[in-house]
Amino acid sequence: MLILGIETATEQVGVAIGGHEGVIATFEVRRGRRHAEVLTPAIEFVCRQADIELGELGCIAVDVGPGLFTGMRVGLAAGKALAQALRLPMIGISSLDLLAFPCRHTDRVVVPVIDARKDEVFWSMYRQVPGGVQQVSPPAVGPPDELIGDLLARSQDVLCVGDGADRYRDQIVEGYRCEIGQPTHPPVGALVQLAHARALREEWVRPDQIEPVYLRPPDAQINWAVREARP
Amino acid sequence: MLLLRVDNLADTHAVSAAIAQLARPGDVIVLAGEMGAGKTAFAQGFGRALGVSEPITSPTFTLVHSYPTSRKLTLHHADLYRLDRTTDIAELALHELAAFDGIVLVEWGDVAGAGLGDHLEVRLTHADDDVDVELNDEALDGPDGGPDDGHPETDGFADNGVREIEIHASGGAWSGRWDRLCRALEGYRC
(Lines give C-alpha, C1' and ligand atoms only; values in the text may rest on other atoms or scores of the structure.)
Protein backbone atom coordinates (compact mmCIF):
# COMPACT_ATOMS: atom_id res chain seq x y z
CA MET A 1 0.00 0.00 0.00
CA LEU A 2 1.26 3.47 -0.88
CA ILE A 3 1.17 6.15 1.82
CA LEU A 4 1.38 9.89 1.30
CA GLY A 5 2.98 11.67 4.26
CA ILE A 6 2.46 15.39 5.04
CA GLU A 7 4.58 17.13 7.65
CA THR A 8 4.02 20.83 8.49
CA ALA A 9 4.39 21.00 12.27
CA THR A 10 7.51 23.18 12.26
CA GLU A 11 8.92 25.74 9.84
CA GLN A 12 9.59 22.85 7.49
CA VAL A 13 7.20 21.61 4.83
CA GLY A 14 7.69 17.91 4.11
CA VAL A 15 5.98 15.52 1.70
CA ALA A 16 6.87 11.87 1.16
CA ILE A 17 5.51 8.73 -0.45
CA GLY A 18 6.38 5.23 0.65
CA GLY A 19 5.10 1.72 1.04
CA HIS A 20 6.28 -1.87 1.27
CA GLU A 21 9.50 -0.94 -0.48
CA GLY A 22 10.25 1.80 2.06
CA VAL A 23 10.38 5.53 1.37
CA ILE A 24 10.10 6.17 -2.37
CA ALA A 25 10.28 9.96 -2.54
CA THR A 26 10.69 12.87 -0.14
CA PHE A 27 10.53 16.64 -0.43
CA GLU A 28 11.55 18.92 2.44
CA VAL A 29 11.92 22.70 2.49
CA ARG A 30 13.07 24.40 5.67
CA ARG A 31 13.00 28.05 4.74
CA GLY A 32 10.34 30.65 4.30
CA ARG A 33 7.62 29.12 6.47
CA ARG A 34 5.25 29.30 3.52
CA HIS A 35 3.27 26.17 4.30
CA ALA A 36 0.16 27.16 2.39
CA GLU A 37 2.04 28.16 -0.77
CA VAL A 38 4.47 25.23 -0.81
CA LEU A 39 2.48 22.20 0.31
CA THR A 40 0.11 21.50 -2.57
CA PRO A 41 2.70 22.02 -5.33
CA ALA A 42 5.06 19.81 -3.29
CA ILE A 43 2.50 16.97 -3.20
CA GLU A 44 2.02 17.29 -6.95
CA PHE A 45 5.79 17.35 -7.52
CA VAL A 46 6.50 14.30 -5.38
CA CYS A 47 3.72 12.28 -7.02
CA ARG A 48 4.84 13.25 -10.50
CA GLN A 49 8.53 12.55 -9.91
CA ALA A 50 7.75 9.21 -8.28
CA ASP A 51 5.34 8.45 -11.11
CA ILE A 52 2.47 7.83 -8.75
CA GLU A 53 -1.14 8.84 -9.37
CA LEU A 54 -3.18 10.09 -6.43
CA GLY A 55 -5.59 7.23 -7.15
CA GLU A 56 -2.87 4.70 -6.29
CA LEU A 57 -2.57 5.95 -2.71
CA GLY A 58 -3.96 3.80 0.08
CA CYS A 59 -3.60 6.09 3.09
CA ILE A 60 -2.75 9.69 4.04
CA ALA A 61 -0.43 10.20 7.03
CA VAL A 62 -0.03 13.56 8.75
CA ASP A 63 2.16 14.97 11.50
CA VAL A 64 -0.41 16.08 14.10
CA GLY A 65 2.04 18.06 16.22
CA PRO A 66 2.69 19.44 18.73
CA GLY A 67 4.18 22.30 16.75
CA LEU A 68 3.25 25.47 14.89
CA PHE A 69 -0.50 26.06 14.78
CA THR A 70 -0.14 27.99 11.54
CA GLY A 71 1.71 25.12 9.89
CA MET A 72 -0.39 22.26 11.22
CA ARG A 73 -3.69 23.70 10.10
CA VAL A 74 -2.38 23.81 6.53
CA GLY A 75 -1.08 20.24 6.63
CA LEU A 76 -4.13 18.80 8.35
CA ALA A 77 -6.57 20.63 6.09
CA ALA A 78 -4.74 19.45 2.96
CA GLY A 79 -4.44 15.89 4.26
CA LYS A 80 -8.10 15.70 5.24
CA ALA A 81 -9.23 17.18 1.95
CA LEU A 82 -7.23 14.62 -0.02
CA ALA A 83 -8.36 11.73 2.18
CA GLN A 84 -11.98 12.73 1.87
CA ALA A 85 -11.83 13.22 -1.87
CA LEU A 86 -9.97 9.95 -2.44
CA ARG A 87 -11.97 8.11 0.26
CA LEU A 88 -8.82 7.10 2.12
CA PRO A 89 -8.15 6.43 5.79
CA MET A 90 -5.69 8.61 7.71
CA ILE A 91 -2.96 8.07 10.26
CA GLY A 92 -1.83 10.85 12.58
CA ILE A 93 1.62 10.69 14.14
CA SER A 94 3.22 12.95 16.75
CA SER A 95 5.97 15.31 15.68
CA LEU A 96 7.91 14.21 18.77
CA ASP A 97 7.75 10.55 17.62
CA LEU A 98 9.09 11.60 14.23
CA LEU A 99 12.05 13.43 15.79
CA ALA A 100 12.90 10.53 18.11
CA PHE A 101 12.54 7.72 15.54
CA PRO A 102 15.80 8.38 13.60
CA CYS A 103 17.68 8.20 16.94
CA ARG A 104 16.44 4.67 17.66
CA HIS A 105 19.99 3.24 17.57
CA THR A 106 21.31 5.23 20.53
CA ASP A 107 21.18 3.83 24.05
CA ARG A 108 20.71 7.33 25.46
CA VAL A 109 17.38 8.86 26.36
CA VAL A 110 16.21 10.79 23.30
CA VAL A 111 14.50 14.09 24.06
CA PRO A 112 12.81 15.75 21.08
CA VAL A 113 12.37 19.49 21.75
CA ILE A 114 10.16 21.59 19.48
CA ASP A 115 10.09 25.39 19.48
CA ALA A 116 6.60 26.42 20.66
CA ARG A 117 7.31 30.19 20.35
CA LYS A 118 6.34 32.50 23.23
CA ASP A 119 9.65 31.41 24.84
CA GLU A 120 8.30 27.89 25.31
CA VAL A 121 9.14 24.42 23.99
CA PHE A 122 7.32 21.12 23.59
CA TRP A 123 9.26 18.08 24.69
CA SER A 124 8.99 14.41 25.52
CA MET A 125 11.39 11.53 26.28
CA TYR A 126 12.02 8.28 24.42
CA ARG A 127 13.95 5.13 25.08
CA GLN A 128 15.25 2.53 22.69
CA VAL A 129 13.17 -0.65 22.35
CA PRO A 130 13.56 -3.48 19.85
CA GLY A 131 12.54 -2.14 16.46
CA GLY A 132 12.12 1.50 17.43
CA VAL A 133 11.65 3.92 20.29
CA GLN A 134 9.08 4.15 23.06
CA GLN A 135 7.83 7.28 24.74
CA VAL A 136 8.73 7.26 28.44
CA SER A 137 7.33 10.63 29.47
CA PRO A 138 4.17 12.32 28.19
CA PRO A 139 4.50 15.40 25.98
CA ALA A 140 4.93 18.62 27.95
CA VAL A 141 5.02 22.34 27.19
CA GLY A 142 6.86 25.02 29.12
CA PRO A 143 9.84 27.39 29.15
CA PRO A 144 13.28 25.84 28.46
CA ASP A 145 14.05 26.09 32.20
CA GLU A 146 11.24 23.65 32.91
CA LEU A 147 12.71 21.21 30.40
CA ILE A 148 16.10 21.56 32.12
CA GLY A 149 14.43 20.87 35.47
CA ASP A 150 12.89 17.73 33.99
CA LEU A 151 16.28 16.61 32.65
CA LEU A 152 17.95 17.25 36.03
CA ALA A 153 15.25 15.33 37.85
CA ARG A 154 15.82 12.24 35.69
CA SER A 155 19.60 12.70 35.49
CA GLN A 156 20.20 10.32 32.58
CA ASP A 157 22.47 10.31 29.54
CA VAL A 158 20.49 12.43 27.10
CA LEU A 159 20.41 13.33 23.41
CA CYS A 160 18.27 16.39 22.63
CA VAL A 161 17.00 16.89 19.07
CA GLY A 162 14.59 19.24 17.30
CA ASP A 163 14.37 22.94 16.46
CA GLY A 164 13.66 23.83 20.11
CA ALA A 165 16.88 22.12 21.19
CA ASP A 166 18.68 23.95 18.40
CA ARG A 167 17.24 27.35 19.33
CA TYR A 168 17.86 27.03 23.07
CA ARG A 169 21.08 25.02 22.64
CA ASP A 170 23.26 27.19 24.93
CA GLN A 171 20.67 27.45 27.67
CA ILE A 172 19.96 23.71 27.67
CA VAL A 173 23.62 22.66 27.59
CA GLU A 174 24.46 25.11 30.36
CA GLY A 175 21.63 23.79 32.52
CA TYR A 176 22.18 20.10 31.83
CA ARG A 177 25.25 18.57 30.23
CA CYS A 178 23.96 16.73 27.18
CA GLU A 179 24.41 16.51 23.43
CA ILE A 180 22.25 18.47 21.00
CA GLY A 181 21.91 16.43 17.81
CA GLN A 182 19.98 15.80 14.62
CA PRO A 183 17.32 15.83 13.31
CA THR A 184 16.26 19.45 13.70
CA HIS A 185 12.90 19.03 11.95
CA PRO A 186 10.55 16.03 11.97
CA PRO A 187 11.71 13.90 9.02
CA VAL A 188 8.81 13.22 6.68
CA GLY A 189 10.42 9.94 5.63
CA ALA A 190 9.99 8.71 9.22
CA LEU A 191 6.33 9.72 9.02
CA VAL A 192 5.78 7.39 6.07
CA GLN A 193 7.79 4.58 7.71
CA LEU A 194 5.92 4.78 11.02
CA ALA A 195 2.56 5.17 9.27
CA HIS A 196 3.25 2.13 7.11
CA ALA A 197 3.86 -0.03 10.18
CA ARG A 198 0.51 1.12 11.55
CA ALA A 199 -1.27 0.73 8.24
CA LEU A 200 -0.25 -2.94 8.15
CA ARG A 201 -2.18 -3.34 11.41
CA GLU A 202 -5.01 -1.21 10.01
CA GLU A 203 -4.54 1.30 12.85
CA TRP A 204 -6.05 4.17 10.95
CA VAL A 205 -8.96 6.57 11.40
CA ARG A 206 -11.44 8.56 9.35
CA PRO A 207 -10.37 12.07 8.27
CA ASP A 208 -12.78 13.69 10.74
CA GLN A 209 -11.08 11.83 13.60
CA ILE A 210 -7.69 13.46 12.94
CA GLU A 211 -7.08 16.24 15.45
CA PRO A 212 -4.00 18.40 15.99
CA VAL A 213 -2.12 18.03 19.29
CA TYR A 214 -1.81 21.54 20.68
CA LEU A 215 -0.79 20.95 24.34
CA ARG A 216 -2.02 24.38 25.29
CA PRO A 217 -4.07 25.51 28.30
CA PRO A 218 -7.47 23.85 28.67
CA ASP A 219 -10.42 25.14 26.75
CA ALA A 220 -12.81 27.57 28.44
CA GLN A 221 -15.86 29.56 27.52
CA ILE A 222 -14.94 33.15 26.70
CA ASN A 223 -16.41 35.55 29.22
CA TRP A 224 -18.38 37.72 26.86
CA ALA A 225 -20.16 39.79 29.51
CA VAL A 226 -19.46 42.81 27.36
CA ARG A 227 -20.97 41.12 24.38
CA GLU A 228 -24.50 41.65 25.67
CA ALA A 229 -24.09 45.31 24.96
CA ARG A 230 -23.67 44.57 21.29
CA PRO A 231 -26.58 44.21 18.88
CA MET B 1 -0.27 52.89 32.59
CA LEU B 2 -0.80 55.85 30.31
CA LEU B 3 -4.08 57.74 30.18
CA LEU B 4 -4.76 59.91 27.16
CA ARG B 5 -7.57 62.07 25.93
CA VAL B 6 -8.20 62.72 22.26
CA ASP B 7 -10.66 65.21 20.83
CA ASN B 8 -11.27 63.82 17.37
CA LEU B 9 -10.51 61.12 14.85
CA ALA B 10 -7.31 62.82 13.69
CA ASP B 11 -5.99 62.70 17.25
CA THR B 12 -6.80 59.00 17.50
CA HIS B 13 -4.94 58.39 14.26
CA ALA B 14 -1.99 60.41 15.60
CA VAL B 15 -1.90 58.35 18.81
CA SER B 16 -2.08 55.07 16.90
CA ALA B 17 0.63 56.29 14.50
CA ALA B 18 2.90 57.16 17.43
CA ILE B 19 2.47 53.64 18.81
CA ALA B 20 3.02 52.17 15.33
CA GLN B 21 6.34 54.02 15.06
CA LEU B 22 7.57 52.27 18.21
CA ALA B 23 6.06 48.88 17.38
CA ARG B 24 8.32 46.13 16.11
CA PRO B 25 7.98 42.60 14.77
CA GLY B 26 6.72 40.27 17.46
CA ASP B 27 4.36 42.78 19.06
CA VAL B 28 0.78 41.94 19.96
CA ILE B 29 -1.44 44.95 20.57
CA VAL B 30 -4.85 44.38 22.10
CA LEU B 31 -7.60 46.83 21.19
CA ALA B 32 -10.30 46.96 23.85
CA GLY B 33 -13.45 48.98 24.16
CA GLU B 34 -17.11 48.86 23.32
CA MET B 35 -18.54 48.85 19.86
CA GLY B 36 -18.09 52.24 18.28
CA ALA B 37 -15.29 53.15 20.68
CA GLY B 38 -12.87 53.50 17.76
CA LYS B 39 -10.93 50.23 17.70
CA THR B 40 -11.04 50.00 13.93
CA ALA B 41 -10.26 53.70 13.60
CA PHE B 42 -7.19 53.07 15.73
CA ALA B 43 -6.20 50.16 13.50
CA GLN B 44 -6.57 52.33 10.42
CA GLY B 45 -4.25 55.00 11.79
CA PHE B 46 -1.84 52.30 12.89
CA GLY B 47 -1.79 50.65 9.48
CA ARG B 48 -1.38 53.93 7.64
CA ALA B 49 1.67 54.74 9.78
CA LEU B 50 3.22 51.39 8.82
CA GLY B 51 2.65 52.11 5.15
CA VAL B 52 -0.32 49.82 4.56
CA SER B 53 -1.86 51.01 1.32
CA GLU B 54 -4.99 48.85 1.33
CA PRO B 55 -8.01 50.09 3.26
CA ILE B 56 -8.14 48.48 6.71
CA THR B 57 -11.58 47.13 7.50
CA SER B 58 -12.81 45.22 10.49
CA PRO B 59 -12.04 41.49 10.08
CA THR B 60 -15.19 40.26 11.84
CA PHE B 61 -16.05 37.68 9.23
CA THR B 62 -12.58 36.38 8.45
CA LEU B 63 -11.12 36.57 11.99
CA VAL B 64 -7.72 37.78 10.73
CA HIS B 65 -6.80 40.13 7.89
CA SER B 66 -3.13 40.38 6.92
CA TYR B 67 -1.62 43.41 5.21
CA PRO B 68 1.83 43.88 3.72
CA THR B 69 3.52 47.06 5.00
CA SER B 70 6.26 49.28 3.63
CA ARG B 71 8.55 47.80 6.28
CA LYS B 72 9.77 44.22 6.23
CA LEU B 73 6.84 42.99 8.28
CA THR B 74 3.19 42.02 7.97
CA LEU B 75 0.37 43.69 9.88
CA HIS B 76 -2.22 41.17 11.09
CA HIS B 77 -5.57 42.55 12.21
CA ALA B 78 -7.65 40.08 14.23
CA ASP B 79 -11.15 40.32 15.69
CA LEU B 80 -12.06 37.80 18.41
CA TYR B 81 -15.66 38.93 18.72
CA ARG B 82 -17.13 35.99 16.83
CA LEU B 83 -15.29 33.35 18.89
CA ASP B 84 -16.81 31.46 21.80
CA ARG B 85 -14.00 29.42 23.30
CA THR B 86 -10.42 30.07 24.34
CA THR B 87 -9.16 27.20 22.16
CA ASP B 88 -10.62 29.05 19.17
CA ILE B 89 -8.34 31.94 20.08
CA ALA B 90 -5.38 29.60 20.59
CA GLU B 91 -5.95 28.12 17.14
CA LEU B 92 -5.56 31.54 15.54
CA ALA B 93 -1.95 31.32 16.80
CA LEU B 94 -1.66 35.10 17.00
CA HIS B 95 1.71 34.85 18.70
CA GLU B 96 3.04 32.76 15.83
CA LEU B 97 1.90 35.42 13.39
CA ALA B 98 3.80 37.96 15.49
CA ALA B 99 6.86 35.72 15.87
CA PHE B 100 7.37 35.58 12.11
CA ASP B 101 7.97 39.26 11.25
CA GLY B 102 4.49 40.32 12.18
CA ILE B 103 2.68 42.88 14.29
CA VAL B 104 -0.74 41.72 15.47
CA LEU B 105 -3.64 44.02 16.36
CA VAL B 106 -6.37 42.14 18.24
CA GLU B 107 -9.83 43.71 18.51
CA TRP B 108 -11.73 42.43 21.56
CA GLY B 109 -8.43 40.84 22.56
CA ASP B 110 -8.99 41.68 26.23
CA VAL B 111 -11.13 38.50 26.58
CA ALA B 112 -8.07 36.38 25.83
CA GLY B 113 -6.29 37.69 28.93
CA ALA B 114 -2.95 36.09 29.69
CA GLY B 115 -3.34 33.68 26.78
CA LEU B 116 -1.86 36.27 24.45
CA GLY B 117 1.43 36.54 26.35
CA ASP B 118 3.32 39.85 26.37
CA HIS B 119 1.22 42.58 24.81
CA LEU B 120 0.22 46.22 24.85
CA GLU B 121 -3.41 46.90 25.66
CA VAL B 122 -5.08 49.98 24.22
CA ARG B 123 -8.50 50.60 25.73
CA LEU B 124 -10.73 53.16 24.07
CA THR B 125 -13.73 54.62 25.86
CA HIS B 126 -16.11 57.45 25.25
CA ALA B 127 -14.85 60.31 27.37
CA ASP B 128 -18.40 61.35 28.09
CA ASP B 129 -20.57 58.48 29.23
CA ASP B 130 -23.71 60.40 28.30
CA VAL B 131 -22.83 60.28 24.64
CA ASP B 132 -25.03 57.78 22.92
CA VAL B 133 -23.68 56.27 19.77
CA GLU B 134 -26.52 56.60 17.34
CA LEU B 135 -26.26 54.15 14.54
CA ASN B 136 -28.32 56.16 12.09
CA ASP B 137 -27.37 56.53 8.47
CA GLU B 138 -25.50 59.73 9.03
CA ALA B 139 -23.46 58.18 11.78
CA LEU B 140 -22.73 55.12 9.70
CA ASP B 141 -21.08 57.22 7.04
CA GLY B 142 -18.87 58.64 9.74
CA PRO B 143 -16.19 61.25 9.28
CA ASP B 144 -13.88 58.67 7.82
CA GLY B 145 -16.24 57.65 5.04
CA GLY B 146 -14.90 54.10 5.14
CA PRO B 147 -16.36 51.36 3.00
CA ASP B 148 -19.29 49.40 4.33
CA ASP B 149 -17.83 46.18 5.66
CA GLY B 150 -20.62 45.11 7.94
CA HIS B 151 -18.99 46.92 10.83
CA PRO B 152 -19.41 50.50 9.70
CA GLU B 153 -20.01 51.96 13.13
CA THR B 154 -16.43 51.27 14.11
CA ASP B 155 -14.88 52.67 10.97
CA GLY B 156 -15.27 56.22 12.06
CA PHE B 157 -16.64 57.94 15.07
CA ALA B 158 -20.36 58.22 15.10
CA ASP B 159 -20.25 61.15 17.51
CA ASN B 160 -17.94 64.02 18.39
CA GLY B 161 -14.88 61.78 18.63
CA VAL B 162 -13.82 62.60 22.18
CA ARG B 163 -12.20 59.50 23.67
CA GLU B 164 -10.14 58.39 26.57
CA ILE B 165 -7.36 56.02 25.62
CA GLU B 166 -5.79 53.87 28.30
CA ILE B 167 -2.51 52.19 27.41
CA HIS B 168 -1.18 49.37 29.53
CA ALA B 169 1.82 47.12 28.91
CA SER B 170 1.47 43.49 29.99
CA GLY B 171 4.78 41.64 30.26
CA GLY B 172 8.22 43.04 29.49
CA ALA B 173 8.03 43.52 25.73
CA TRP B 174 7.44 47.28 26.02
CA SER B 175 9.55 48.11 29.08
CA GLY B 176 12.47 49.30 26.95
CA ARG B 177 10.20 51.50 24.85
CA TRP B 178 7.84 52.78 27.51
CA ASP B 179 9.66 56.07 28.13
CA ARG B 180 9.76 56.85 24.43
CA LEU B 181 6.08 55.99 24.14
CA CYS B 182 5.24 58.36 27.00
CA ARG B 183 7.29 61.16 25.40
CA ALA B 184 5.66 60.62 22.00
CA LEU B 185 2.18 60.84 23.51
CA GLU B 186 2.92 63.61 26.01
CA GLY B 187 0.63 66.06 24.23
CA TYR B 188 -2.42 63.87 24.71
CA ARG B 189 -2.02 63.04 28.39
CA CYS B 190 -4.90 63.79 30.70
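1. In H7(A), the buried residues are Val188(A), Gly189(A), Ala190(A), Leu191(A), Val192(A), Gln193(A), Leu194(A), Ala195(A), His196(A) and Ala199(A), where buried stands for 20 or more other C-beta atoms within 10 Å of a residue's own, with C-beta atoms placed from the backbone. Because 10 of the 13 residues of H7(A) are buried, the helix is largely enclosed by the rest of the structure.

2. This is a predicted model, in which local features need pLDDT of at least 70 and side-chain atom pairs count only at pLDDT 80 or more, while totals for chains, interfaces and linings use all residues. Residues are numbered from 1 along each chain as its sequence is written, and chains are lettered from A in the order in which they are written.

3. The cover over the buried residues of H7(A) includes strands E1 (2-7), E2 (13-19), E3 (22-29), E4 (57-63) and E5 (90-93), together with helix H3 (95-100) of chain A; helices (H or I, at least four residues) and strands (E, at least two) are DSSP runs, numbered from the N terminus.

4. Chain A is divided into domain 1 (2-94 + 186-209) and domain 2 (96-180), with bounds from an automatic or database domain assignment. Their centres, taken over C-alpha atoms, are 24 Å apart.

5. In contact across the two domains of chain A are 11 residues of domain 1 and 10 residues of domain 2, contact being C-beta atoms, placed from the backbone, within 7 Å. Helix H7 (residues 188-200) gives the most to the domain 1 side, with 3 residues.

Definitions and conventions. A residue is buried if 20 or more other C-beta atoms lie within 10 Å of its own, exposed if 12 or fewer, and partly exposed in between; C-beta atoms are placed from the backbone.
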